[in-house]
Amino acid sequence: MSSHDFVPTNAPPSKPARKVETLKPELLLHTNHHLCPGCGEPLVLRQLLEVVEELGLAQRTIAVAGIGCYTAFSGSLDLDLVQALHGRAPSVATGTKRMLPDRLVFTLQGDGDMVNEGLQEVIHTAARGENITCVLLNNGVFGETGGHMTSTTVIGQRTKNTLEGRDASYHGHPILIGDLLAQLDGTAYAARGSVHDAAGVAGTKRMLRKAFESQLRGDGFSLVEVLTMCPTGWFVPTAEGPGYLDRVLGTVHVTGELKAGGRFVTTAELRARNQRQARQTREGGSD
Amino acid sequence: MDPVTSRGTLSIALEACKGCELCIPACPPRVLSMSEDVNEMGFRYPLLRPGCTGCGACALVCPDFCFEVYQYTAPVAHAGGAA
Amino acid sequence: MTHRLIEGSQAIAEAAIAAGCRFFAGYPMTPFTEVLEHFARKLPQAGGTCINAESELEAVGMAWGAVATGARAATGSTGQGLSLMQESFSEMTLAGLPLVIFNMARGQGDYYQSTRGGGHGDYRHIVLAPMDIREAVQLTQLAFHLADSWRNPVLVYGDYLLAHTYESVEIAPLEFGNLPTKDWAVDGSRGGSGKSRLVTSLGMSKGVGKNVDPESHWKAVAERHKQIEATEVRVECEFTEDAELVVVAYGTPAKFVRYVVHQMREEGVPVGYVRPITLWPFPYRALADAAQGARRVAVFELNAGQMIDDVRLGVLGSAPVVAIGGISTDASGFGVGGLLDTEIIRGRIESALKGQEISA
């Protein structure tokens with residue numbers, strides 16, 4: 001194929017067309033971030049900001065950011081924002097929401113932030129049923145410090161300080177934070193999405209919207225956990241990030257809704273459900 | 001060669017691209033491929049062939065906000081070349 | 001307004017509420033617990049929120065979130081609990097947040113923690129040390145004013161005696177002057193404007209380009225602390241012009257020292273005292289002036305010797321500085337020990353006058 005087979009993409013189309021995806025969300029001040037090539041976190045930010053815009057909540061939203069690679073976005077989210085310490089965002093969000101109960105208040109935290117340093121905070125916040133939404137960007141590593149093991153790192157996963165792979169007998173087991181929080185009565189909505197492909201991204205957006213709507217109704221605590229790619233922390237080429245996520249993290253931290261409408265489903269049940277559906281598809285689709 | 005129809009097209013901010021290649025497999029009609037040359041940052045960037053459906057998947061999976069996605073009012077035929 | 005016989009913990013909580021405090025979060029710990037109880041009961045009645053936090057760490061986090069919205073907010077504990085809050089204290093100072101902190105201390109061993117900072121980095125808290133409940137009512141209200149005025153945390157240093165004694169007090173709201181509006185506080189309203197607010201300790205600002213400059217940010221905070229040092233010293237001195245011995249004490253023990261000094265002066269003994277009311281900024285100048293012409297400076301504090309460092313800095317060698325206090329507590333380790341006794345204090349002051357060694 002020669003170069004004249006390519007379509008020009010340096011300008012908007014000259015023929016009549018409508019824009020279906022903007023370059024960036026309105027609520028993102030600039031796109032000049034320094035996160036790694038292939039990072040999944042900006043994908044979540046895009047969907048989150050679009051949901052806030054679509055719900056018309058830009059002037060009623062307060063974000064509370066934790067500490068991780070995503071902290072870089074504290075300077076580019078066009079929302080009133082309080083920067084918290086590593087692990088501490090749920091408490092800060094609690095204080096903010098109690099003072100301004102009619103605002104949409106959400107936290108933005110990584111797995112190291114929420115499930116390591118801040119495990120106690122998020123559990124208590126959920127148990128109390130605080131009307132906030134915690135958004136967890138889960139890549140199974142401490143990205144910002146270079147890719148070290150966290151409480152969500154899966155068995156066998158290689159990280160900077162588990163170079164031979166996480167070993168249960170030495171390093172212990174990962175925590176499924178979604179399950180821990182979903183079973184608390186104070187939690188109204190808990191879901192786990194993944195941004196390894198466009199369908200996952202779209203599904204994540206739906207979860208974020210449901211969580212925010214749940215908060216606005218005053219239902220209680222909501223959690224949206226999103227598995228994101230970290231090719232740097234995983235020692236894989238960027239193009240292999242989505243596959244690694246789906247295969248390595250996604251088989252342990254299975255995506256789906258864990259708590260909705262008062263019903264709690266465990267990750268194990270989600271996995272069994274997926275396996276049943278895969279089997280049915282194979283059996284149903286066989287010629 | 002049969003003309004290929006594009007129902008959509010893209011405007012790509014190639015200087016923002018960090019060459020992660022996530023858009024390539026994300027595109028359902030597989031009309032994106034990475035360039036041979038590099039941008040100012042030194043990364044290869046995506047090039048678009050005819051056949052785009054304007055589905056927006058590339059914009060959803062791009063970490064660097066490189067894509068603006070359009071859907072044509074009427075499908076555009078490419079006769080072995082650019083629109 | 002009427003006088004009521006109430007315990008110090010209650011007076012402090014009511015004074016805070018009178019000053020407009022509308023958020024409190026805390027965790028029970030002796031001798032601070034009753035402060036939390038009083039806030040829990042009275043804050044909702046005043047339209048505020050009190051959260052029984054599941055840990056001290058979470059308490060300060062909640063107060064952080066509340067104070068960031070522009071509300072007057074406080075937290076507290078005793079020294080050990082404040083130890084758990086130190087990272088947040090440092091960062092909140094760097095973020096310019098006007099948090100008020102109550103330490104109902106187990107004695108005076110938290111002087112270093114309060115003034116040197118148990119947290120990391122270059123930060124200072126204004127520290128106010130009331131000597132009795134009446135003064136605590138004033139200083140609690142002043143704390144909120146100073147915190148808002150400087151956008152800096154302020155710590156009120158109380159103790160078991162203060163918290164658990166009953167005194168007849170009147171909680172009258174005090175006026176301290178106008179304050180600027182809290183334009184920096186987040187409430188969501190600037191979302192989507194391109195000028196949305198950011199409350200951070202990291203020296204980050206919103207927008208394109210080089211928007212992270214911690215060095216400049218932290219230098220500006222240090223500059224603010226220099227200004228506080230120059231303007232917010234509070235101290236009480238008596239009989240220091242012709243004193244041969246100047247006794248330095250703060251907090252509740254200072255009231256005992258003051259009583260003894262008055263008594264000795266009535267008998268013609270040339271003693272005086274200096275009572276720092278702000279532990280930070282410390283009244284170095286007042287101390288230097290008081291030590292002029294004195295033969296000795298004696299420090300009475302209920303610990304192994306902490307404020308004495310600052311006294312030595314203030315006196316700067318113009319007179320010898322001796323410790324006449326010491327570690328003193330009860331069997332629980334929370335409260336009042338045998339040293340808080342006017343006769344014992346008098347004996348130590350007399351020994352110091354004679355240049356005798358004090359046996360601890």
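Strand S14 (residues 296-299) of chain C and S15(C) pair in the parallel sense over three bridges; two strands count as paired if DSSP finds at least two bridges between them. Helices (H or I, at least four residues) and strands (E, at least two) are DSSP runs, numbered from the N terminus. In S15(C), Ala323(C) is the bridge partner of Val299(C). The model described here is predicted, so local features need pLDDT of at least 70 and side-chain atom pairs count only at pLDDT 80 or more, while totals for chains, interfaces and linings use all residues. Residues are numbered from 1 along each chain as its sequence is written, and chains are lettered from A and ligands numbered from 1 in the order in which they are written.

The S14-S15 pair belongs to an open sheet of five strands in chain C, with the order S10-S12-S11-S14-S15 and mixed pairing. Strand S10 (235-238) and strand S15 (321-323) of chain C are the edge strands, each pairing on one side only. On average, neighbouring strands of this sheet are turned by 20° against each other, direction ignored. Angles run from 0 to 180 degrees between N-to-C directions, and axes are lines fitted to C-alpha atoms, for helices over the stretch in contact. Helix H11 (residues 284-291) of chain C lies across S10, strand S11 (245-248), strand S12 (271-276) and S14 of chain C, and runs at about 175° to S12(C).

Elsewhere in chain C, strand S2 (residues 21-26) runs parallel to strand S3 (residues 49-52), and four bridges join the two. The path from S2(C) to S3(C) passes through helix H2 (residues 33-45) of chain C, a right-handed β-α-β crossover; right-handed means that, with the strands pointing away from the viewer, the path from the first strand over the helix to the second runs clockwise. Phe24(C) stands opposite Cys50(C) in S3(C).

Turning to the chain interfaces, 34 residues from chain A and 39 residues from chain C take part in the A-C contact, where two residues are in contact if their C-beta atoms, placed from the backbone, lie within 7 Å. On the chain A side, two or more residues each come from strand S2 (61-65), strand S3 (80-83), H2 and H4 of chain A. H2(A) gives the most to this side, with eight residues. By class, the side of chain A that touches chain C has 13 nonpolar, 13 polar and eight charged residues; Ala, Val, Leu, Ile, Met, Phe, Trp, Tyr, Cys and Pro count as nonpolar, Asp, Glu, Lys and Arg as charged, and the others, Gly among them, as polar. S3(A) is also joined by two bridges to strand S9 (residues 198-199) of chain C, in parallel, with Val82(A) opposite Val199(C).

Within chain A, the axes of helix H2 (residues 89-99) and helix H4 (residues 119-127) come within 7 Å and cross at roughly 35°. Pro90(A), Ser91(A) and Thr94(A) of H2(A) meet Glu121(A), Val122(A) and Thr125(A) of H4(A) in this contact.

At the other interface, 37 residues of chain B are in contact with 34 residues of chain A. S4(B) gives the most to the chain B side, with eight residues, and that side divides into 23 nonpolar, nine polar and five charged residues. Four bridges join strand S1 (residues 17-21) of chain A to S4(B), and the two run antiparallel. Tyr72(B) in S4(B) is the bridge partner of Ala17(A).
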